[in-house]
Amino acid sequence: MVRAEGYYKVLTDLTGQIQDFGRQAQIIAPADSGHAKGFDLFGAYALSNRLMGSVGYAFLITKASEEDLMYDRPLFGEEFYRDFDQRHTIALNGSYQIALRWHLHLSWRFHTGNPTTPLEHTLVRHSGGRVGCVRGFGEYNTDRLPPYHSLDLRLTKTSKYKSWMLNWYVQILNLYNRLNVHERVFSKVHDEATGNLIGCEVSDEPLFPILPTLGVSATF
């Protein structure tokens with residue numbers, strides 16, 4: 001099976017605000033209009049009675065514009081990337097039937113890093129020897145996080161009964177322990193001996209490392 005789709009969407013009269021509630025940063029940008037364009041490609045093939053494979057690729061550009069003030073600077077129609085603008089996305093999936101009702105699934109996912117707003121964290125020295133950190137922001141969503149990719153392994157078993165069905169799985173997420181970045185945050189550096197503030201940094205906060213999970217579901 002092969003499928004291809006293309007699209008162009010125009011967004012008008014948007015209401016509300018784009019809000020990024022990061023762990024340590026809060027950025028708000030009101031959006032008035034926007035657009036999204038791209039295409040999707042997908043293919044699936046049965047290599048044998050037990051082995052299935054599929055591949056997918058998506059290309060996406062999505063932008064918005066706002067007609068309000070942000071950080072005391074007028075943008076009036078200037079475009080910016082939306083938070084979920086993932087320019088390239090790739091998905092590779094494989095499924096193998098080990099035995100009756102037993103399946104092994106392998107999935108690899110990749111996408112371009114999401115847009116992010118540059119953060120600036122500067123150490124300042126005040127009179128009397130006091131020091132502190134001053135937070136600053138660059139232009140909204142003009143930077144990007146590193147690319148995301150992860151390999152997931154999943155073993156499933158299905159048991160059928162007269163009036164219901166039991167499904168359970170064992171899964172390992174991020175099998176090769178990729179350090180994917182969730183967001184960039186403000187952080188402070190303290191002297192280990194004295195506890196005094198000695199630096200102000202912007203650091204990457206990662207998503208979960210390798211993670212085993214177990215799940216069970218019942219269908220009646």
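Reader: Which residues does Ser150 touch, not counting residues up to four places away in sequence?
Author: In this predicted model, Ser150 touches Ser107, Trp108, Arg109, Asn174, Tyr176 and Asn180. Ser150 itself lies in strand E15, residues 148–160.

Reader: Why is Ser150 called buried?
Author: Its relative accessible area is 2%. Buried means under 20%. Ser150 is therefore buried.

Reader: What makes the pair Ser150 and Asp152 a polar contact?
Author: Their side chains meet at 3.2 Å. The cut-off is within 3.5 Å for a pair of N or O atoms. So the pair counts as a polar contact.

Reader: Why is Arg50 called partly exposed?
Author: Arg50 has a relative accessible area of 42%. Buried is under 20% and exposed is over 50%, with partly exposed in between. Arg50 is therefore partly exposed.

Reader: Where is Arg50, and what does it touch?
Author: Arg50 sits in the loop between strand E4 (33–46) and E5. It touches Ser95, Tyr96, Gln97 and Ile98, leaving aside residues up to four places away in sequence. Arg50 and Gln97 are 47 residues apart in sequence, but 4.9 Å apart in space, C-alpha to C-alpha.

Reader: How do you know that E5 and E9 pair?
Author: Nine bridges join E5 (residues 51–65) to E9 (residues 88–99), in the antiparallel sense. Pairing needs at least two bridges. So E5 and E9 pair. Leu51 stands opposite Tyr96 in E9.

Reader: What joins E9 to E10?
Author: 10 antiparallel bridges do. Ile90 has Phe110 in E10 as its bridge partner. E9 and E10 form a hairpin with two residues between them. Arg101 in the turn has a positive phi of about 70 degrees.

Methods. Residues are numbered from 1 along each chain as its sequence is written. This is a predicted model: local features need pLDDT of at least 70, side-chain atom pairs count only at pLDDT 80 or more; totals for chains, interfaces and linings use all residues. Side-chain values use heavy atoms; hydrogens and water are left out. Helices (H or I, at least four residues) and strands (E, at least two) are DSSP runs, numbered from the N terminus. Buried means under 20% relative accessible area, exposed over 50%, partly exposed in between (1.4 Å probe, protein chains only). A polar contact is a pair of N or O atoms within 3.5 Å; within protein, one must be able to donate a hydrogen and the other to accept it, and residues adjacent in sequence count only if both atoms are side-chain atoms. Contact means heavy atoms within 4.5 Å.
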